[in-house]
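Subject: Two-chain model, handed over

Hi,

Here is the model I promised to pass on.

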Amino acid sequence: GAGVSQSPSNKVTEKGKDVELRCDPISGHTALYWYRQSLGQGLEFLIYFQGNSAPDKSGLPSDRFSAERTGGSVSTLTIQRTQQEDSAVYLCASSADRGSGNTIYFGEGSWLTVV
Amino acid sequence: SQKIEQNSEALNIQEGKTATLTCNYTNYSPAYLQWYRQDPGRGPVFLLLIRENEKEKRKERLKVTFDTTLKQSLFHITASQPADSATYLCAPGGGSYIPTFGRGTSLIVHP
């Protein structure tokens, strides 16, 4: 596709349920990032994938959060046993790689509301 | 730990004036610094990248400076327009650093 695609665009879930958020990066981009943005806040780094290397999970806030990237392309962010504080916009981004300063392209985000 | 500071208060300016936004960082030696624009309900959009060996970068009405001694970047929009109203994010990065974003500064350009 022409840009980073995320789904669903909006998700309302009950506290305690699991949710899966999907990201389809720009074709050919080896780097993929997940960020979280709470209302009125900055972007909080969650996890980073680069090619076939082990992901950098240093930003995941708890063990309820996990992510995988299949075939070096599509990524899924899973939140188990959702809590109200998980309500935020989850932004996925991709770039050609990381070190050389390639532009990061963001999707429009998945808006998660936990009620 | 790495820290990025951007003006937390909204910047209100009159149309036609130059807007100047500040990004300060600590505990970093980034190889480059990027600026993004974010509109409400949208993902950030890349504007400009400046590398550590560049003092200034321009693109149309935009100008970015990068002072690695002061650990500061300034972002200027000349001849500002109401359509420039948005939140502007800075993101130092490069090398071993995951791109990390400041909280952004909201710019409001009044007609």
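Below are my notes on the sheets, the interface and the salt bridges.

Some housekeeping before that: this is a predicted model, so local features need pLDDT of at least 70 and side-chain atom pairs count only at pLDDT 80 or more, while totals for chains, interfaces and linings use all residues. Residues are numbered from 1 along each chain as its sequence is written, chains are lettered from A and ligands numbered from 1 in the order in which they are written, and side-chain values use heavy atoms, with hydrogens and water left out.

**Chain A**

Let's start with the sheet in chain A. It is an open one of four strands in the order 1-3-7-6, with antiparallel pairing. Strands here are DSSP runs (E, at least two residues; helices are H or I, at least four), numbered from the N terminus, and two of them pair if DSSP finds at least two bridges between them. Strand 1 (5-7) and strand 6 of chain A sit at the edges with a single partner strand each, so one side of each has no neighbour in the sheet. From one strand to the next the twist averages 15°; the axes behind that are lines fitted to C-alpha atoms (for helices, over the stretch in contact), and angles run from 0 to 180 degrees between N-to-C directions.

Buried means under 20% relative accessible area, exposed over 50%, and partly exposed in between (1.4 Å probe, protein chains only). Strand 6 of chain A pairs with strand 7 (residues 75-79) of chain A in the antiparallel sense over five bridges, and Ser66(A) has Thr78(A) as its bridge partner there. The two strands make a hairpin with five residues between them, and Gly71(A) in the turn has a positive phi of about 60°.

**Chain B**

Chain B has an open sheet of five strands, ordered 2-10-9-4-5, and its pairing is mixed.

**Where the chains meet**

How many residues of chain B are in contact with chain A? The count is 21 residues of chain B against 22 residues of chain A, with contact meaning heavy atoms within 4.5 Å. About 1,600 Å² is buried between the two chains, and carbon and sulfur atoms give 52% of it. That area is the accessible area (1.4 Å probe) that two parts lose on being put together, summed over both. Ile98(B), Phe101(B) and Arg103(B) supply 32% of what chain B buries against chain A, more than any other three residues.

Across this interface the rule finds one salt bridge: the side chains of Glu108(A) and Arg42(B) meet at 2.6 Å, N to O. On the side of chain B that touches chain A, strand 4 (32-38) and strand 5 of chain B are the elements that give two or more residues. Strand 4 of chain B has the largest share, four residues.

**Salt bridges**

Over all chains there are nine salt bridges, each a side-chain nitrogen of Lys or Arg within 4 Å of a carboxyl oxygen of Asp or Glu. Three of them, within single chains:

- Arg22(A) with Asp24(A), closest N and O atoms 3.9 Å apart. Arg22(A) is partly exposed at 40%, and so is Asp24(A) at 30%.
- Arg37(B) with Asp39(B), closest N and O atoms 3.0 Å apart. Arg37(B) counts as buried at 19%, while Asp39(B) is partly exposed at 27%.
- Arg61(B) with Asp84(B), at 2.9 Å, N to O. This pair links distant parts of the chain, 23 residues apart: Arg61(B) is in the loop between strand 6 (56-59) and strand 7 (62-67) of chain B, and Asp84(B) in the loop between strand 8 (72-77) and strand 9 (86-93) of chain B. Arg61(B) is partly exposed at 26%, whereas Asp84(B) is buried at 7%.

Cheers
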